[in-house]
Amino acid sequence: MTSKRVVAPYVLILPSFVLAAMIVIWPINELAQIASHSVNRFGQLRDFVGMANFGALLDDPNFIASLWRTGIWTLGVVGGAIVCSVPVALVLNEDFYGRDLARVIVMLPWAVSLTMTAIVWRWALSGESGMLNSALMELGLIDQNIQWLAEASTAFPMQILIGILVTIPFTVTILLGGLASIPDDLYEAAALEGAGSWEQFRHITLPLIAPFLNIALVLNTIYVFNSFPIIWAMTQGGPANSTDILVTYLYKVGFRLGKLGEASAVSLVMFGILLVFTLIYVRLTMSRRAGA
Amino acid sequence: MNWVKLRRSLLCWLVLSPIVVTTIFPFAVMLITALKPNTEVLTPAWWPSRIAWENFQTMWVATNFGNALRNSLYVSVLATLGSLIVSIPAAYAMTRFDFRGREFYRQFLLVTQMLSPIVLVVGLFRLMVALGLIDSINAVTVVYAAFNIAFSVWMLQSYFATIPLDLEEAAWMEGAGRTKALVKVFLPLAVPAVVVTAIFTFINAWNEFVIALTLLRSQDSYTLPIQIFSLVSGRYTVEWHHVMAATFAATIPVAIAFAWLQRYLVRGLALGAVK
């Protein structure tokens, strides 16, 4: 029995490990190879070029612009989603008529593929016949059609808004988990001591959901940083690359321009950034477990 | 009727109203456009003059919907099964055994979860080229199964941990072997967790975009998201009523399943993500 106990877990884990490793380790190795060699259009590796592909990236103004825009995108979407999710989670944690329906509605964007969401919004935002323009006209909020997707100055903020909308369900889910873990008697005790609802929120709710907020923050940062379909299906990074973020830049460079070397270099840069996020996440969960 | 609760309910709905409106807006756009007669699609009025149910029929043929639906079902069902078959034993090992490398495996799964397909897509593309599997929906299926392992193990593990060990131990006492106890005692209790995990894996696979976009090259092998995307991208005229009808048909069944199951997700994620 003892010897079996030692072997069994490894046997049980092996198939999942092999499958997961295959789609992670092989491609990463491949990326490292391509990024450090010159590659012709047909994908054959030529000479070893060291960091030249990375150097080419730094010389490309579109890469630098995409890098900055990725920062704005990630901060905007994650920040916006957290700011909207806290009140929504607090409300959904209350007992009120129609709460189940409200929960379903808030969670709904999660069920729909980002591609479909983006395609529907692309249509809704269309300049001449889009239903957002006609709704805003009817409400008297605008008096002429706005060409939402024709310029980065309106397209990118709209994409961030849609990003926020689809990020809220996950964030609310995590926060609801946090709120459910707070015992009711804490509030009762605070109310007895005469604490108002703002003080209760400030001194009980906020500190106790802080670890959940942190985790939502880090996980969302990772997901949003990687998010491809919203921008790709709405503008494909256009007009004139003005809404490109790293992922759409990577896809264009790799599969439109056929520069696999540079695309792999972008992947590795992203991999590095993601690794930092992951380490932050691990530290957060570790410190929570040590604290608990 | 309780007046305090009623007042509170009104207030709650008032606070939620902006997000409720923005959430429902795209669904309304989708449904209304799908039901507009095709002569009215480009006129900027909200309501159609009559409801054009026939759009769904013409869409089915014009967009090759049936074929894409079949591909999507095939890929999603097999990816779900594949991912479960390897994840259930792994999750069981993670909850029931204390072994060296357990923490390493946890971190490894975490890393695979962090690396979205998009970061690896160039490498995956090269891998599939090398294996001669470009345009193969089976290859896409395997990749989906693999990318869902971390999530599945995570979800399953959080539920498995709530199944008391005593029950299995009692079965051992009565002379059942470990395997028999597993099959007769543990697995029946784990069925709800497995079903919930399966449905979420299915939804992930059903909605995936970038891998399918990269690996699938011919119309015949397109899954629904790619098929619908191909109706919109790089075209001079887009038949929006067909696109919206297709989006609606591809989205609503999954959305209903999700709405029904989301409370389990709340529980599973809260257990798995934070503990």
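How many helices and strands does the secondary structure of chain A come to? I count twelve helices and two strands, where helices (H or I, at least four residues) and strands (E, at least two) are DSSP runs numbered from the N terminus. I read the pattern along the sequence of chain A as α-β-β-α-α-α-α-α-α-α-α-α-α-α.

I noted the conventions. This is a predicted model, in which local features need pLDDT of at least 70 and side-chain atom pairs count only at pLDDT 80 or more, while totals for chains, interfaces and linings use all residues. Residues are numbered from 1 along each chain as its sequence is written, and chains are lettered from A and ligands numbered from 1 in the order in which they are written.

Next I checked the extent of chain A: its C-alpha atoms fill a box of roughly 75 × 75 × 30 Å along the principal axes. Of its 292 residues, 44% are buried (20 or more other C-beta atoms within 10 Å of the residue's own, with C-beta atoms placed from the backbone).

I then turned to the domains. An automatic or database domain assignment gives the bounds: domain 1 of chain A spans 76–235 and domain 2 spans 243–272. Their centres, taken over C-alpha atoms, are 29 Å apart.

Which residues meet there? I found nine residues of domain 1 of chain A in contact with five of domain 2 (C-beta atoms, placed from the backbone, within 7 Å). On the domain 1 side, helix H7 (152–180) and helix H10 (229–234) of chain A each give two or more residues. H7(A) has the largest share, four residues.

Key:
Two residues are in contact if their C-beta atoms, placed from the backbone, lie within 7 Å. A residue is buried if 20 or more other C-beta atoms lie within 10 Å of its own, exposed if 12 or fewer, and partly exposed in between; C-beta atoms are placed from the backbone.
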